[in-house]
Each structure stands twice: as structure tokens, then as C-alpha cells.
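Hi there,

Here is the structure I promised to pass on to you. Have a look at it first, and then read my notes below.

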Amino acid sequence: PVVAEITEAYYEPPPIVENSFAVLPFLNIDGSDETRLFANGLVDDVIHRLSRIPGLRVSARGDSFTLTPNSSSEQVRQRLRVQMYLGGSVEIAAQRIRVSAQLIDSATGFHILSRSFNRPREDFFQIRDEITSLTVANVRVALPPGVNAASQLRFEEDPPSLDAYLLYRRGREASLQPKTIDTIATALGWYDAALEVDPEYAAAHAGKCAAFVAGYTEVDDAQFIANAEAACLRALRLNPNLDIVHTALGDLYQSTGRYDAAEAAYLEALETDPSSVAALTGLGLTYQRLERLDDAEARLQKAVDVHPGDAAAYSMLGTFLFESGRFDEAAEQFGYVVALQPENMLGISNLASSYMLQGDFASAVPAFQKAIDVEPTTLAYSNLGLMYYYLGDLDAAIDSHIKAVELQPNDYLSRSNLGDALWAAGRMDEAERAYTTADRMASGALQVNPNDPFTMMDLAWIKTALGQHEVAQQLIDRAKELAADDPYVHYIEGLMLNRRGASTAAIAALQTAVEQGYSTRLLAGDPNLSNLVGDSRFERILGLSERAHTD
């Protein structure tokens, strides 16, 4: 009856907050490669400058570029969650550049401001700065007392040559591609080309710094560390206000375990740009490593607050909450991720897992089904089958587990799960066949890696289901020797003992599992333990843990 109430999931997007703003990609009118570089550079530069205005929440470049030029106001409002946005177009003809820009209310589509520029190509930087200033002048931002928006804008006193800028832009575009050693090498090549034109171009040195940091994470070559630090220091000598450099150094120090240095670098970045999501999330992760969990949560929450529509920020906060055991709060954040990016497979899977671990199986079902709609996988079908199993819909559980097996016939865990559902449905002959096949596969896996405690745990349960209790106990005892601190090994032992009728020993094992972190909400809904419901000893385990969870 619970399953009958399950309907297609709808995930509420995050609220639209005051002073929220976005800059959309500008339309490339003439379609040339050079115009594309100018258009994307204009958008990037305006976003970077506006994000430094206190009180103005600006969508990150990565979020804005999920939309196309001239997207509808409804699309902008739904995806980016902003009150206003800037759109426009760029065209280059001969040696002249034509730029149009419109400031638009996302709720009504009304144009608050519309301006056009038709000037020599060399006036690009002036046009960019004028668009930024006009935007600030027309956005009613609630600034802190005594702060003037215009005074917060920082324009280069001596911008680079256009030739150097265009080479730098090519490096930036390469650096925004998926990180591989090839894309990193391409970015470095373009930055070097820009520096050949202008050796004092601080942004190009900063780009090299960030590229070398990314390179280190790809190839783990210590030379990249030295190269990164040299490029960063050179950039900072030329311009100490480059937050991208401090953030890159923070990433470098964090990846090499120098957490105190990482903290200092991220804080330097935030001095220059308090709205830098990269610095905020980097600092949050650093504080996690330092076990300063309150500080970590505060920084991750700040990252969510300053950039509307940033799915990555919501995902990082959700992951932090998930790892803290706060599954209901994590589900809210992952729900935002899925509302903003409906095809985000990681977000969908995390959302479904959050529902599962908080015991909300009815909500987990449509979430796992959504994951399957995006990308059918054995794991998604197995988890969907488990949720139906927990809800008592055994026919749906069996169907899901069969599909998991069909996708990956050599996955012993999928066959074991199928056996559980068939056994619960009273289809004993089919269950025994599923368990027997799973037994053969898991035993083969254990021969390949005889010290894998997780295969031992799974095989111990399969052996129990086949009535081979002595072998099962030997397996779980060995698994406990190898992974005594893992809650799953004690949970499996509890299931085994309960199946054998040793309820007192089973409850003791389950208590150990809970004490080491196993979800009591999963435990409470587990069909394999339904005979313990009402047992005061079992209820005491669940009750004590629930109070600890809410304190």
C-alpha cells in the first residue's frame, strides 16, 4: 500500500534570493573564432568584476554557460535562480566591434537597460568596463553601510594588448575543458604565447599557475609543484590582487597535505574576492581535513549563498552533510542539484542514497528510478530493488533485481539480492538457484583476492541463505579480523545470527554495527529483521541511536 502512493518525483529548486544576478553567454553574430573569444572574454570579465560587489550574488561562469545566448527569461530564472541578468551580442566587422547589452528582469522579461556600442576593435576593454559600470549603476544592490558599489570595481590601469589578451583567452578556454594532460599542455602553450607578446601579463602567469596545479593532480609529478609555485609568485609580484592565484596555491597545498598553508592561501583569495566559490569550497574541504567541522560547514554554506544556481556548491554542501550523517539535510541539497541539473547522475544517485539512509524508502524509489532513466546501471537497479524490498513490494523488487542481473550477469551481489527477494516471496526453488549462482561467483572472487573482507561478508550471508552456517561463521569471523571497525561486517553478522534464530547474539552484533555508524533508519526498516520489531532490546538500540542523531 505504501508503494501505491509513490508518484513521479518533482524536486523543488532553491529559492530566488535578493540581489541575485547572472551574465549569459553573448551571441556571436558573425560566427568567427575571434568574435567567440571576444564574446566569452567579455562575459567572463564582467562576471569576475560583478562578483566582487558586496551584496551582489552572481552566478558562476560554469552555470551561466549551461544556457545559450538569448535564452528565455523563464529558462534563466528556472536554471540560474536569479532576479536579473545581462544578455547581449558581439560582432566584429573589419576593424570595428559592435556590442549590444540588455539588463533584463527574469520575472517579467522587461528590459531594465539596453545599450549598443560600435567602436574600433581596440576599444574592447573600454566597452567591457562601461558595460560593467552601467550594470552596477542599474542594479539596486543592498550594500553594507558606507560601501559604494562603483568604488568596488577594479579595472586594470594598463590593460594588455589585444593580441596578448586573445592568446590568453585561448589558454583560458583550453583550461575550462575536462582536465587531461593534453588540455593542460594546450592551455600552457597558449599562456606562454601570450607571455611572449607581453611578459608582464599577470593574468597569463596566473593561468600557468592554475594549469600547473591541475597538471600535478593528473600526473603526480613533483616538477609541476615547483613550476606552479614559480608561476604563482611571478603573477603575485605583478598583481597581488589575483584571487585565482591564491586559490590555485590553496588547491596545490591541499592536494599535497599542507593544510595550514592551504588555509592561508584560500583566506588571501577571499580577501580579494569574498564571493569566490572556488576559494570558499576549497577552504571548506581544508577545514574538513583539519577536523574543524563547524568552520567547514560555514564556508560551504557561504558558497551556496553567494552564487545562485551553483549546482556544484549545493553538491559539496550535500556531501558534507551526508558524510556527517545528516541525511535529511543532505537530501535537501541534493534535491536542489537535481532540480537545477536534471541529468546530473551523481546528484541523482546522492539524493537517492540520502533518502535511503534516512529511511525514506518511498522517496528513494522515484529517485533511483530517475537515475535509471538517465543511465541504467546495475547498481541503480539493485538499489531500486532493495527499496521495493524494504517497502514490501516483492514483485517490483524481483523485477528490478532481474534487470540488474541482466545488465551485469557476473555480479554476485545482484544475484544475492535477487535471492533475498525471491526467498521473501516464498519462491524457494528460484531463490536457491540465485543463491547458488551467487555462491559460485563470490567464491571465485575470493580465490582471486583471498583477503578481501567485503567479499567475505557478502559470501557469509550467501552461505547462511544456503544453510551452510559453519562455513558462513568462519567467513564472517575472518572478515571481522580484517575490518573490525567497519559497521557492515557487524550488520551482516547480525543478519546471519538472526536467520539462525540466535536473537540475543544478533542484537549484540547489530548494536555494535550501530555504534560504529550503521544507519538505524535502515535497520528499523530491514525486512530481514522484522521478527525483532517489538523486542525491547532491539527497540532500545534504535531509540538510543535516534536520540543521539537528533541531539
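**The disulfide**

The link between C209 and C232 is right-handed, with 40 degrees about the S-S bond. Please keep in mind that this is a predicted model. A disulfide is a covalent bond between the sulfur atoms of two cysteines. The structure holds 1 disulfide, and in this C209–C232 pair the sulfur atoms sit 1.7 Å apart.

**Two packed helices**

Next, find helix α23 (residues 469-482) and helix α24 (residues 487-499), which pack at an angle of about 160 degrees with their axes 10 Å apart. Angles over 145 degrees count as roughly antiparallel, so that is the description for α23 and α24. The crossing of α23 past α24 is left-handed. On the α23 side, the residues that meet α24 include A472, I476 and K480; on the α24 side, they include V489, I492 and L497. Sorted by class, this contact has 7 nonpolar, 2 polar and 3 charged residues.

**A proline in a loop**

Is P25 buried or exposed? P25 is buried, with a relative accessible area of 6%. You will find P25 in the loop between β1 (20-23) and β2 (27-28). Leaving aside residues up to four places away in sequence, P25 touches V43, S64, F65, L67, P69 and G88.

Enjoy exploring!

Best wishes

Technical notes. Residues numbered from 1 in each chain as written. Predicted model: local features only at pLDDT ≥ 70, side-chain atom pairs only at ≥ 80, totals over all residues. Heavy atoms only, no water. Axes fitted to C-alpha atoms, helices over the stretch in contact; angles between N-to-C directions. Helix = DSSP H or I, 4+ residues; strand = E, 2+ residues; numbered from the N terminus. Parallel < 35°, antiparallel > 145°, perpendicular 65-115°, else oblique. Left-handed = near helix turned anticlockwise from the far one by under 90°. Contact = heavy atoms within 4.5 Å. Nonpolar A, V, L, I, M, F, W, Y, C, P; charged D, E, K, R; others polar. Buried < 20%, exposed > 50% of the residue type's maximum accessible area, 1.4 Å probe, protein only. Disulfide = S-S within 2.5 Å.
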